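Please read the following briefing alongside the sequence and the coordinates.

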Amino acid sequence: MPQILPDFSASVKLKYVKLGYQYLVNHILTFLLIPVMAGILIEVLRMGPQEIVGVVKSLGLDTVQILCSSFLIVFVSTVYFMSKPRSIYLVDYACYKPPVTCRVPFATFMEHSRLILKDSPKSVDFQMRILERSGLGEETCLPPAIHYIPPTPTMASARGEAEVVIFSALDSLFQKTNLKPKDIDILIVNCSLFSPTPSLSAMIVNKYKLRSNIKSFNLSGMGCSAGVVSIDLARDLLQVVPNSNAVVVSTEIITPNYYQGDERAMLLPNCLFRMGGAAILLSNKRREKGRAKYKLVHVVRTHKGSDDKAYKCVFEEEDDQGKVGIRLSKDLMVIAGEALKSNITTMGPLVLPASEQLLFLFTLIGRKIFNLKWKPYIPDFKQAFDHFCIHAGGRAVIDELQKNLQLSAEHVEASRMALHRFGNTSSSSLWYELNYIEAKGRMKKGDRVWQIAFGSGFKCNSAVWKCNRTVRTPSDGPWQDCIDKYPVHIPEIVKL
C-alpha cells in the first residue's frame, strides 16, 4: 500500500522542532502581549481627542483621587526598590601562580615515592596507576617542604606556604583593582585542613595593617566547596553592611596534610592535590558596577550529610601508624551524585527557561501519577548557562558531571585544562577555570557562568555569575605564559 503521508521523522529534523518549541514557550508572554498591545494602540489611534477626553471623564476620577492614586503608586514603587536585595559585584580576582622551582613532574613524584615508601612497593605502584589516569600534567606544583626527602611538614613550613600563596594572591589583587588595604570592610578566608592559631585571617590583618573594625572570618573544615560558602557568607554580609568591600581568600595548604603512610585511600590525595589559591574582591557599591567583571545572581548550598557514609567521604584521620592524612572513601562518587541531584533540584527553578521546566514537570507527572515508564528528564542546563566551571577534583568528577549534565567537550574544557595545568587546587580551582575562559577570550557581556564545587560533609555548592562587561584577554594571571598551548589532548592513560 502506498504511503499517503510523508515520513515526518525522516523529513523533519527534530532538532529544529525542539528549538521551535523552546523559542515559543520561552517567549509566550511576548507573543500574547504583542497582539493585545497592538489592538489597544490601533483603537486609541482611531479615537479622536474629544473621544479620549470623554473616556477619561467617564471614569469619574476627581483631582483628589488622581493625587491619591499617584501617591500610592510612588509609595509602592519606593518600598519595592528599597526592599530589593543589594546587587553584589565581583570587581576582579587574582590566582596564585606557583614558581617553577615548585614544579613536580611525574618522574620526580615517583622517584620521591620510591624513596619514601621503599618498604611498600605496592603503594608505589598504586600511586603510579593513579597518576597515569589522573589527568594531571607535568607542570603541577607542590610546596617546598614536600620536596625534601623525607618531607618536612612542620607548622613553620605550613605557615610559610600560607604566607607565600595568600600574600602573593592579595598583592596581585591590590595591583589589579587599585584597592587599598584600608578600604577592605570584610575579610573572609577559607582553608579546610590548616587552621592555625593565630588564624590565617589574623595573619592577613597583621600583614596589611587592616582597620581595627574590620569584620574578619576564618572558615575551616568544609573541603573543596568552601570557596562558594565564603562567597555566600560575603553576600549575606554585604546585604546588611552598605557601601562596603569584601575580600575573599580561598586556598588549601598542602604542607601539613601530605600523607607519608601506605594506606591507599589516604595516598590518593597526595597524587591529586597541588598548590593554589585565589583572592576575590566583592562590592555592593553602585559605582563599582561600571568596572566590575561579574554580578552575583544565585548561590545554592546543599548538604548530603544525613549518614555516617557521607560524613566520612572526605575525612582527615590517622592510620594504624599514627600518620595523618586525608581519606577518600570509595562511596565518594555515589554521595557526590546525590548531593549534585539535590543542588540541581534547587537550582533548576531559579535559572532554567520555561520550556525546560515544563518538560521536566510533564515527565515527572507522567512517571509519578500515571506510572508511565519514562526515563527521568535531565534538564538542558546549556540553555541557562554559557560557561561551566566544575571543581577540578579529579578526572572522574569531571567525567561524571559531563555525562549527567550532557555537556560538550568545550563546556568542560576549562575544568580539564585547570586540572592538567595546576592539579586539584581545592576551593580555588573554580577561579583558575574562570581565568582560563577569560584568557581564551570567550567571556562576553551577558554570559552566565555556573560554578559547581564539591566538598567534605558531603556538600555540593554552586554559584551563578552574570558577566557585567566583555572581559578583555588578561595580560597577566596564571595562564599568561601557557594559554596558547591549551587545550591539549589528555590521553586516558599516560604510561610512566
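**A hairpin and its sheet**

In the hairpin formed by E10 and E11, where three residues lie between the strands, Gly457 adopts a positive phi near 135 degrees. The model is a predicted one, and the values below are to be read as computed from it. The chain's secondary structure amounts to 18 helices and 11 strands, and nine strands make up an open sheet with mixed pairing.

**Sheet order and edges**

- The strands of the open sheet follow the order E3-E2-E4-E5-E1-E6-E11-E10-E9.
- At the edges are strand E3 (215–219) and strand E9 (387–390), each of which pairs on one side only.
- From one strand to the next, the twist averages 20 degrees.
- Helix H10 (residues 200–208) packs on this sheet and touches strand E2 (186–190), E3 and strand E4 (245–251), while the direction of the helix makes about 135 degrees with that of E2.

**Strand pairings**

- Strand E11 (residues 459–467) is mostly covered, since eight of its nine residues are buried.
- Strand E1 (residues 89–95) and strand E5 (residues 277–283) pair in the antiparallel sense over six bridges, and Tyr89 stands opposite Ser283 in E5.

**A buried leucine and an exposed one**

- Leu170 is found in helix H9 (residues 155–177) and has a relative accessible area of 1%, so it counts as buried, the cut-off for that label being under 20%.
- Once its neighbours within four places in sequence are left aside, Leu170 is in contact with Ile204, Tyr208, Val247, Val249 and Ala279.
- The C-alpha atoms of Leu170 and Leu281 are 9.7 Å apart in space, although the two residues are 111 residues apart in sequence.
- Leu29, by contrast, has its place in helix H3 (residues 28–46), and its relative accessible area of 61% is why it counts as exposed, the cut-off in this case being over 50%.
- Leu29 belongs to a nonpolar patch on the surface, formed together with Ile28, Phe31, Leu32, Leu33, Val36, Met37, Ile40 and Val44, and the accessible area of the patch comes to about 850 Å².

**Backbone features to check**

- The peptide bond from Ile149 to Pro150 is cis, with omega near -5 degrees, and Pro150 is placed in the loop between helix H8 (144–147) and H9.
- A cis peptide bond also leads from Tyr486 to Pro487, with omega near 5 degrees, and Pro487 lies in the segment after E11.
- Lys209 has a phi near 55 degrees, which is a positive value in a residue other than glycine; Lys209 is found in the loop between H10 and E3 and, at a relative accessible area of 68%, is exposed.
- Ser426 likewise takes a positive phi, near 60 degrees, in a residue other than glycine; Ser426 lies in the loop between helix H17 (413–422) and helix H18 (429–439) and is buried, with a relative accessible area of 2%.

**The chain as a whole**

- Of the 496 residues in the chain, 47% count as buried.
- Among contacts in the chain with a separation of 6 or more, residues 24 or more positions apart account for 80%.
- The chain exposes about 25600 Å², of which carbon and sulfur atoms supply 59%.

How values were computed
Residues numbered from 1 in each chain as written. Predicted model: local features only at pLDDT ≥ 70, side-chain atom pairs only at ≥ 80, totals over all residues. Heavy atoms only, no water. Pairing = 2+ DSSP bridges. Helix = DSSP H or I, 4+ residues; strand = E, 2+ residues; numbered from the N terminus. Axes fitted to C-alpha atoms, helices over the stretch in contact; angles between N-to-C directions. Contact = heavy atoms within 4.5 Å. Patch = residues over 30% accessible without salt bridge, like charges linked within 9 Å, V, L, I, M, F, W, Y side chains within 5 Å. Areas by Shrake-Rupley, 256 points an atom, 1.4 Å probe, with all protein chains shown as cover. Salt bridge = Lys/Arg side-chain N within 4 Å of Asp/Glu carboxyl O. Buried < 20%, exposed > 50% of the residue type's maximum accessible area, 1.4 Å probe, protein only.
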